[in-house]
Amino acid sequence: VIVICVMTNCLPLTKLSYAWIFNEYPSFVEEDSRRFVSQETGHLYIAKVEPSDVGNYTCVVTSTVTNARVLGSPTPLMLRSDGVMGEYEPKIEVQFPETLPAAKGSTVKLECFALGNPVPQINWRRSDGLPFSSKIKLRKFSGVLEIPNFQQEDSGSYECIAENSRGKNVARGRLTYYAKPHWVQLIKDVELAVEDSLYWECRASGKPKPSYRWLKNGEALVLEERIQIENGALTISNLNVTDSGMFQCIAENKHGLVYSSAELKVMEPTRITLAPPNMDVSVGESVILPCQVTHDPLLDIMFTWYFNGVLTDFKKDGSHFEKVSGVSSPGPPENVKVDEITDTTAQLSWKEGTDNHSPVIAYSVQARTPFSVGWQTATTVPEVIDGKTHTATVVELNPWVEYEFRVVASNKIGGGEPSLPSEKVRTEEAVPEVPPSEVSGGGGSRSELVITWDPVPEELQNGEGFGYVVAFRPLGVTNWIQTVVTSPDTPRYVFRNESILPFSLYEVKVGVYNNKGEGPFSPVTTVFSAEEGMERLLMIFQLYNGVRYWNDGGEEESSSKLKVAGNVTSARLRGLRSNLAYYTAVRAFNSAGTGPFSATVNATTKKTRTTSSQNNVQVLNTNKTSAELLLPIKEDYIIEVKATTDGGDGTSSEQIRIPRITNTDARGCTSAISTVYPVSRYVSVIMFFIVNTLC
């Protein structure tokens with residue numbers, strides 16, 4: 001019999017698990033060699049129906065992400081009165097695909113189940129005859145073949161054989177191996193000088209073999225004669241300042257892609273252009289030793305001098321040595337002013353400073369805001385400002401942000417000192433252009449829809465009166481419900497209405513506005529309304545892990561669990577071992593989620609006492625793995641072996657019966673081997689005892 005799970009209210013975009021209720025909760029169908037629940041189709045399969053199977057069956061679908069549940073309609077199962085089904089050969093109803101791609105490192109589960117009378121037996125094998133690796137497990141009475149940590153050697157053809165006394169049937173399928181790209185070598189930030197060469201190599205492995213592409217500042221890198229890509233490696237020769245930027249290497253195959261990002265900074269290099277020459281001088285004569293350099297104008301330069309390898313201290317030896325400022329680099333420009341300001345541009349003007357007998361050949365503009373890290377090179381029109389031009393327009397500014405500017409002059413020797421900053425000015429307001437990111441939500445109390453987002457940074461709000469327009473609608477409804485949140489720092493909005501159904505799906509989006517008008521909305525996303533409130537701690541069809549406990553040698557992650565009702569404040573833990581420390585913790589659940597665990601408490605169980613029902617018991621204690629006993633020949637003996645620790649005695653071995661010897665001339669020997677399992681995990685070996693009888 002196949003009982004089909006048909007759901008009218010589905011749980012979208014989540015991984016699902018299936019179970020079946022027999023008659024009423026909490027009686028769930030227990031799977032065995034006769035009954036099987038497919039986690040692929042959700043159907044319940046019964047290989048051979050018994051009278052005890054008659055009843056109502058209800059399919060339960062659970063989201064493994066949210067733990068939300070949906071129940072199907074009850075399906076009755078009744079026995080037919082027109083006869084009994086005879087024996088027939090297996091018919092495989094659940095089988096895996098003919099070809100199934102499997103990702104590297106994933107856990108692969110193959111399902112196979114057959115109907116038949118008698119109940120078929122399920123067996124598995126590889127078609128190539130190779131044995132299964134030790135990691136492969138058979139689950140659910142051999143109905144599921146599980147391969148953890150899938151690797152390339154696990155790929156191949158697998159067979160499921162269903163067999164009973166009436167015949168057998170075989171299902172086959174092939175597992176193919178694939179791997180998403182993962183990095184073997186990443187790129188890293190680098191600083192290079194003008195005219196240097198860049199070589200960046202990124203390498204990734206994957207199956208199929210990944211291909212590579214490069215981005216610069218988020219856009220596809222344009223190749224030219226000096227910019228080449230080969231086998232994922234990027235080469236840029238004869239670097240210039242415009243090559244600076246954020247680069248990304250992308251490795252991809254049909255199963256996915258990975259990114260590696262790094263920044264390239266290109267500087268006009270620090271070089272000594274005029275070094276001190278050799279000089280012949282007379283005693284008492286004053287001399288000047290020149291030292292001129294070229295350097296990036298964004299960098300500060302410090303000069304140090306050494307005399308015969310010893311660092312010169314100009315304060316201590318000031319009467320003899322004197323450091324004189326250079327006279328070849330240009331002085332700072334003067335009187336930098338902002339003549340006109342818009343929402344994204346600023347018109348600047350300045351006056352030429354001293355050229356120190358070396359004409360200025362270019363200017364550059366730098367900008368600073370409360371949100372930037374120090375001074376940054378600004379984008380200007382014209383892009384290159386020659387030495388005869390004393391005005392420029394700074395572009396690509398953010399609206400409603402406070403700026404200050406400075407100008408740096410350069411000659412053939414290098415860049416000079418920057419000018420004094422201009423007065424602080426604020427760009428004009430504009431309609432906001434950036435919506436909030438990470439729009440999401442969920443949770444809350446009954447009859448609530450909670451919507452959350454990351455607030456827009458101040459530098460992107462573009463003006464005063466900034467706020468958010470929150471829009472939402474039930475999934476499938478055409479019209480949007482809108483509301484306004486006036487605080488720019490608010491990260492959430494809660495809509496309360498008794499008409500909101502628990503755990504209903506809504507479409508939401510969040511837009512922006514300021515005094516200049518409305519900006520764009522974020523992309524539409526989906527959010528669930530809240531479930532029932534925390535006051536309903538014990539909810540029907542809700543799984544619980546109310547109390548968990550583990551012993552001193554166990555792992556907290558694999559602890560045992562006990563479910564109790566929400567109004568219960570105590571519980572008895574059974575099946576514990578003697579003389580062991582146990583740890584316990586408690587937390588509350590409802591269908592909206594789980595609460596935190598309580599503080600962990602511990603207690604130690606008592607020791608057990610050794611008892612015996614034998615009339616005449618003799619005990620031999622030994623720390624060896626064998627013992628030699630001298631026994632009378634005219635009496636029957638029963639021998640048991642058990643391990644003992646401070647926590648008490650372990651389980652006895654099977655009894656060894658040694659009968660009396662009736663013929664004194666007969667000689668014989670009886671031996672047995674029994675495994676005694678340790679009573680705690682602190683016994684590091686399994687002990688074997690061999691008992692010999694001397695006749």
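Predicted model: local features only at pLDDT ≥ 70, side-chain atom pairs only at ≥ 80, totals over all residues.

Select Phe36, Tyr45 and Phe113: ring pairs link them into a cluster. The charged end of Lys509 sits over the Trp480 ring, 4.4 Å from its centre.

**The whole chain**

Zoom out and colour by secondary structure. The chain has zero helices and 59 strands. It runs to 695 residues, and buried residues make up 35% of them. Next, think about contacts between residues at least 6 apart in sequence. Of these, 61% join residues at least 24 apart.

**Aromatic pairs**

How many aromatic pairs does the count come to? The total is 16. Select Tyr25 and Phe28 for one of them. This pair is edge-to-face, with 5.9 Å from centre to centre and 85 degrees between the planes. Tyr25 is partly exposed, at 25% relative accessibility. Phe28 is partly exposed too, at 29%.

Move to Trp200 and Trp214. Why does this pair count as stacked? Planes under 30 degrees apart count as stacked. The Trp200 and Trp214 planes are at 15 degrees, with the ring centres 6.3 Å apart, so the pair is stacked. Trp200 lies in strand 18 (residues 198-201) and Trp214 in strand 20 (residues 211-216), so the pair ties together parts 14 residues apart in sequence.

**Disulfides**

Select the cysteines. A search of the whole structure finds two disulfides. Go to Cys112 and Cys160, whose sulfur atoms are 1.8 Å apart. Their link is left-handed, with -75 degrees about the S-S bond. Cys112 is buried, at 0% relative accessible area. Cys160 is buried as well, at 0%.

Then select Cys202 and Cys249. A disulfide joins them, S to S 1.8 Å. Which hand does this link have? It is right-handed, with 40 degrees about the S-S bond. Cys202 lies in the loop between strand 18 and strand 19 (203-207) and Cys249 in strand 24, so the pair ties together parts 47 residues apart in sequence. Both Cys202 and Cys249 are buried. While on cysteines, click Cys291. This residue is partly exposed, with a relative accessible area of 24%.

**Two loop residues**

Select Asp243, in the loop between strand 23 (233-236) and strand 24 (245-253). Asp243 is buried, with a relative accessible area of 5%. Show the Arg226 side chain. A polar contact of 2.8 Å joins it to the side chain of Asp243. Beyond its neighbours within four places in sequence, Asp243 has contacts that include Lys216, Ile236 and Leu264.

Finish at Ala571, in the loop between strand 48 (560-562) and strand 49 (581-586). Ala571 is partly exposed, at 44% relative accessibility. Leaving aside neighbours within four places in sequence, Ala571 is in contact with Leu562 and Val564.

Definitions and conventions. Residues numbered from 1 in each chain as written. Heavy atoms only, no water. Phe/Tyr/Trp six-rings, centres within 6.5 Å; stacked < 30°, edge-to-face > 60°. Buried < 20%, exposed > 50% of the residue type's maximum accessible area, 1.4 Å probe, protein only. Helix = DSSP H or I, 4+ residues; strand = E, 2+ residues; numbered from the N terminus. Lys NZ or Arg CZ within 6 Å of the ring centre and 35° of its normal. Contact = heavy atoms within 4.5 Å. Polar contact = N/O pair within 3.5 Å; in protein donor to acceptor, adjacent residues only side chain to side chain. Disulfide = S-S within 2.5 Å.
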